[in-house]
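Let's take a friendly tour of this chain, from its overall build to its core.

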Amino acid sequence: MKEFISDFNKLVKLRLTLTVVFSASISFLIGATQQGDIIWFNWALLTVGGFLVTGAANGFNEIIEKDLDKLMERTMDRPLPAGRMTTGQALVLSVFMGIAGTLVLVNLNFIAGLISVFSIFLYAFVYTPLKQKSPIAVWVGAIPGALPPLIGYYAAFESSGFGLAYAAVSEKAVVITPLVLFAIQFFWQFPHFWAIAWVADDDYKRAGFRLLPTTRKDKGSAWMIFISAALMIPVGFLPMYFGFGGWIFTIVSLIGALMFTWYGIQHLKKMEISTAKRIMFTSFAYLPITQLVLLLDFKPF
């Protein structure tokens, strides 16, 4: 049983899944704050549904990449490449999680459930095979990677169909706020994933993954990482610009973005794994901290 739990955690990429669920749950609380009423039971349902849907997407990803995972040190101990779990077993688990998670989210909010299905499809069946073909995979993968805030935010609203329950809510609340939450997480992924791609480049090459902007650890890729890091400065002002983020969030976001930019400059000069790691570790801290601060500093319309 202990080994199964360990393998299940690796199949669903537990740390990544929990990060995604955290992002969605914070956005749910922001959406609930917008309405002035937090239904904690619905928050729990979102957490469970979000975990299952994300776990399913990661499970499908590992099924598709099981032969490639054997080639990389960071993934060769996953249950499929290590032979501790069959493809059939992983498929049953992933399909079950996908169906169960989608049903939970659809019953919670139709739009949230619909977005979750789209997220699974795009991540597992478009982004995953693209990783071996072109650096555009990162751009494609950034879309499902930024959908959890949308799922969480809309899950806070009662709805059995397309927008019928949103009639009494302002347009800004149901359009602008979730799109800004999506944009922040979308742009954050580029310095995050490109820094990881730089650090793990040798491992990725063994599997034929082409994730750096130019596919190489060259000046062009370093410039793209720097530009993506610097873009986090204006992105952090979006909540204040649209009227739902306060000064506290903006200052915290700016500090994080300046750290991104500074480390981006250092990486542009040195182009070393150590400088890429600083960007990577900054990205690990930036998103959960700024999301928590935005929740505390959120201003409903």
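What share of contacts in the protein chain between residues at least 6 apart in sequence join residues at least 24 apart? The share is 75%, where contact means heavy atoms within 4.5 Å.

The model is predicted, so to speak of local features pLDDT of at least 70 is needed, side-chain atom pairs count only at pLDDT 80 or more, and totals for chains, interfaces and linings use all residues. Residues are numbered from 1 along each chain as its sequence is written, and side-chain values use heavy atoms, leaving out hydrogens and water.

The protein chain holds 15 helices and zero strands (DSSP runs numbered from the N terminus: H or I of at least four residues for helices, E of at least two for strands). Its radius of gyration, taken over C-alpha atoms, is 19 Å, close to the 19 Å from the globule rule for 301 residues, so the chain is as compact as a globular protein of that length. That rule is 2.2 Å times the number of residues to the power 0.38.

Of the 301 residues, 53% are buried, meaning under 20% relative accessible area with a 1.4 Å probe, protein chains only.

The largest nonpolar core has 88 residues, among which I30, L46 and Y204 touch the most other members. Such a core is a set of buried Ala, Val, Leu, Ile, Met, Phe, Trp, Tyr and Cys residues joined through side-chain atoms within 4.5 Å. Helix α9 (residues 171-199) gives this core its largest share, 14 residues. Beyond its neighbours within four places in sequence, L46 contacts A24, S25, F28, L105, L108, I151, G152 and A155.

Terms used:
Buried means under 20% relative accessible area, exposed over 50%, partly exposed in between (1.4 Å probe, protein chains only).
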